[in-house]
Amino acid sequence: MVDNSVLELNLGLGNNNNNKNNNNNNVVGGDAHADADAGQSARQRCPAPFLLKTYDLLEEGESEDMTRIVSWNEEGSGFVVWSPAEFSEHTLPRYFKHNNFSSFIRQLNTYGFKKMSSKRWEFKHEKFQRGCRHMLGEITRKKCEPSVFPAYLKSSSEENATEENNQQLLMEENKNLKKERLELQMQIEECKALEIKLLACLSQFMDTQQTKIRRLC
C-alpha cells in the first residue's frame, strides 16, 4: 500500500508539472502572437516613403509659395501638377533621387492614384487628402498581377507608354511656351506704344517751354 501511494503521488506531481508547462507554453505563445499582431499593426501604420515625400512637397509648397507649380486642388481631395517641366526640374530633385516626371506618375499608379482630367495633371486617392496625414498608412501598393505576355513584350510596351507620356509632356510644354511668347510680344508692343506716347508728350512739353522762354526774351 505504501508503494502504491508513493507511485500515485509521483504520477500526480508529474501531471501537475506537465499542466504547468502547457500553461506556460500557452502564455508564451499568446504573448508571441500578441507581439506579432502589434508588429504587424505598427507596419501597417507606417506610410511608404514615396507617399510621405509627396505629401510633404505639397504641404511645404504652400508655405514656400510654389503653388503655381504643384498644389492641392480646391477641395483638398487631390493635387495638380500645373507645370510638369518646372516640377521635374525644381521640385522632384528636392524630394526624390531623380527628375523624371514619368517615373513619378508610375509610382502614383503603383499606389492606386487616378488621373482625373485629360486637360491637366490632376491625381486623386481616397486616402490621400489635405490635412489627413494619418491616413497615408492605409495606402498600399498594388499587387503585381501575372502577365500573359512575355517579359520582352511587357518591357517594350512600358517603354512605348513612357515615350508617349514624354512626347505629350513636350507637346504641352511647347504649347505653353508659345502662349507665353505671344503674351510677351504683346507686352513688348504695349511698352513700345507707351514709349512713343511718352516721347511725344516730352517733346510737346519741351516745345511749350521753349516758346515761353522766347516770349519772355
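## Contacts and overall make-up

Among contacts (heavy atoms within 4.5 Å) with a separation of 6 or more, 54% join residues 24 or more positions apart. This is a predicted model, in which local features need pLDDT of at least 70 and side-chain atom pairs count only at pLDDT 80 or more, while totals for chains, interfaces and linings use all residues. Residues are numbered from 1 along each chain as its sequence is written, and side-chain values use heavy atoms, with hydrogens and water left out.

The chain has 5 helices and 4 strands, where helices (H or I, at least four residues) and strands (E, at least two) are DSSP runs numbered from the N terminus. Their order along the sequence is α-α-β-β-α-α-β-β-α. Of the 217 residues, 22% are buried, meaning under 20% relative accessible area with a 1.4 Å probe, counting protein chains only.

## Threonine 54

Threonine 54 lies in helix 2 (residues 49-63) and is buried, at a relative accessible area of 1%. Its side chain reaches the backbone oxygen of phenylalanine 50 at 2.8 Å. Leaving aside residues up to four places away in sequence, threonine 54 touches Phe79, Phe96, Phe104 and Phe128.

## Helix 3

Helix 3 (residues 84-95) has 12 residues and, at 1.5 Å a residue, should span 16 Å; the end C-alpha atoms are 15 Å apart, which agrees. The expected span is 1.5 Å times one less than the number of residues.

The buried residues in helix 3 are Pro84, Phe87, Ser88, Thr91, Leu92 and Tyr95. They cover an arc of only 130° around the axis, which puts them on the same side of helix 3; the arc is that of the directions from the helix axis to the C-beta atoms. An α-helix has 3.6 residues a turn, so residues three or four places apart point the same way.

## Helix 4 and the annotated segment

In helix 4 (residues 101-110), Phe101, Ser102, Ser103, Phe104, Ile105 and Leu108 are buried. At the start of helix 4, a side-chain oxygen of asparagine 100 comes to within 2.9 Å of the backbone nitrogen of serine 102. Glycine 112, which follows helix 4, has a positive phi, near 85°.

An unreviewed UniProt entry places the feature "domain: HSF-type DNA-binding" at residues 92-116; such annotations may be inferred rather than shown by experiment. Over residues 92-116 the chain is 56% helix and 8% strand, and the end C-alpha atoms are 21 Å apart.

How values were computed
Buried means under 20% relative accessible area, exposed over 50%, partly exposed in between (1.4 Å probe, protein chains only). A polar contact is a pair of N or O atoms within 3.5 Å; within protein, one must be able to donate a hydrogen and the other to accept it, and residues adjacent in sequence count only if both atoms are side-chain atoms.
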